[in-house]
Amino acid sequence: MNIIEQMIQKKAYELGYEKCGIIPIGLMDGYAKKFEERIEKVPKSKMFYQNQQRLVNTLATYPWAKSVVVLAVQYGKYKIPEVVKGHIGKSYLFDIRVDKNTKEYQNNRALEKYMQELGLKVETNQKFGVVGMRWAALQAGIGIVRRNNFLYTESGSWVHLEAWVTDREMELKETNDVLQCPKNCNRCMASCPTKSLSDPYTMSPTTCISFLTTFGGRNLPQEPLSRTFGNCIYGCDICQDVCPMDKGKWKEEEEFPGLAELSSVLTPENILNMEEGFYRKKVQPKFFYLSSEELWKWKVDVLCYMRNNYKETYRPLIINACNNENYKVREMAYSICKELCLQ
Ligand code: SF4
Ligand code: SF4
């Protein structure tokens with residue numbers, strides 16, 4: 001009888017989680033092999049993955065861990081404000097990891113409290129995880145990992161994964177009836193503007209737009225790939241948006257707390273003119289991949305977007321950015337002025 005496992009799963013469903021599975025910690029062993037394989041396939045990703053090394057050896061950090069509770073919660077149900085659609089990645093717009101106003105954040109806290117009340121020692125890391133999340137979800141039967149590397153449930157790839165390690169031996173597999181990718185489909189790979197998705201299940205994270213426009217974007221003015229970013233300003237959803245298995249899965253039914261108001265100030269023009277104080281207070285806490293010192297990266301991202309989608313109304317803004325206090329913003333603006341002969 002797995003009474004305690006069933007109680008956790010029941011509570012998770014009551015809180016609105018789509019899936020909840022529990023696996024013995026030993027099932028995470030295969031993740032180390034997968035991790036090495038990914039680096040071997042794309043050696044230049046080594047630096048990127050080294051930062052995630054702590055996820056490979058969970059027991060080094062949590063020697064008491066005996067099982068992993070892993071859950072999926074659907075976020076593909078929120079209304080996407082027109083002004084940010086296609087410009088800001090949806091997982092960032094609807095990021096429930098840090099926004100205490102969301103019911104998903106509150107449910108995460110409620111589930112942790114419930115497990116503690118059951119007598120379990122548990123640990124999570126809401127922002128960056130305590131285990132290789134997609135691997136854990138796959139082992140727990142939450143869903144399948146597709147050629148674009150995302151984990152899919154019946155709700156498509158628009159799910160957020162959460163996990164806790166626990167000090168109790170437990171196991172309860174979830175069930176799913178998610179179909180495999182159609183045999184000859186390669187839409188995600190063919191659509192990737194930077195060719196980061198080169199082969200099934202193989203990606204180069206350091207050339208992905210989501211990396212280059214957020215925490216990895218250190219030198220966009222000198223980055224040739226920035227010319228392929230199209231409409232993307234911060235993040236990229238293209239390999240999910242084109243996926244036939246995601247077709248019709250996003251249902252714009254609910255308002256996400258505070259997003260409609262915030263979005264109205266996230267136009268390219270407003271970002272370029274944004275004051276540091278406003279950024280630190282209103283924008284950075286939500287889009288935490290860039291620090292409170294990195295408004296300049298948003299401005300460089302926007303200049304990149306303005307170059308890739310140039311229209312005359314951008315001219316004075318780009319010229320004005322040549323006087324920005326940050327040298328990277330100035331460098332980007334200068335290079336655009338030179339290229340497009342703006343004066
Ligand atoms: S998120 Fe965009 S850039 Fe990154 S792999 Fe997918 S399509 Fe390519
Ligand atoms: S686009 Fe096709 S190959 Fe890529 S993940 Fe979707 S179904 Fe699979």
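Me: Why does Y75 count as buried?

Reply: In this predicted model, local features need pLDDT of at least 70 and side-chain atom pairs count only at pLDDT 80 or more, whereas totals for chains, interfaces and linings use all residues. Residues are numbered from 1 along each chain as its sequence is written, chains are lettered from A and ligands numbered from 1 in the order in which they are written, and side-chain values use heavy atoms, without hydrogens or water. Y75 has a relative accessibility of 7% and therefore counts as buried, given that buried means under 20% relative accessible area, exposed over 50%, and partly exposed in between (1.4 Å probe, protein chains only).

Me: How many aromatic pairs does the search find, and why is the pair of Y75 and W250 called edge-to-face?

Reply: Searching the whole structure gives 20 aromatic pairs. For Y75 and W250 the ring centres are 5.6 Å apart and the planes stand at 75°, so this pair is edge-to-face; the rule for rings of Phe, Tyr and Trp (its six-membered ring) asks for centres within 6.5 Å, and planes under 30 degrees apart count as stacked, over 60 as edge-to-face and the rest as tilted.

Me: What is meant by saying that this pair links distant parts of the chain?

Reply: Y75 sits in the loop between strand 2 (67–74) and helix 6 (90–93), and W250 in the loop between helix 11 (238–241) and helix 12 (259–263), 175 residues apart. The elements are DSSP runs, numbered from the N terminus (helices are H or I, at least four residues; strands are E, at least two).

Me: Which values describe the pair of F128 and F288, and where do the two residues lie?

Reply: F128 and F288 have 6.0 Å from centre to centre and 70° between the planes, an edge-to-face pair. F128 lies in the loop between strand 3 (122–123) and helix 8 (133–139), while F288, 160 residues away, lies in the loop between helix 14 (276–283) and helix 15 (295–308). Both residues also belong to a cluster linked by ring pairs, whose members include F211, F287 and W298.

Me: Which residues does F287 touch outside its sequence neighbourhood?

Reply: Leaving out residues up to four places away in sequence, F287 touches I88, Y92, L93, Y234, L262, L266 and W298, where contact means heavy atoms within 4.5 Å.

Me: Is N184 buried or exposed, and what makes it so?

Reply: N184 has a relative accessibility of 72% and therefore counts as exposed. N184 is found in the loop between strand 6 (159–166) and helix 9, and its C-alpha atom is separated by 28 Å from that of K44, 140 residues apart along the chain.
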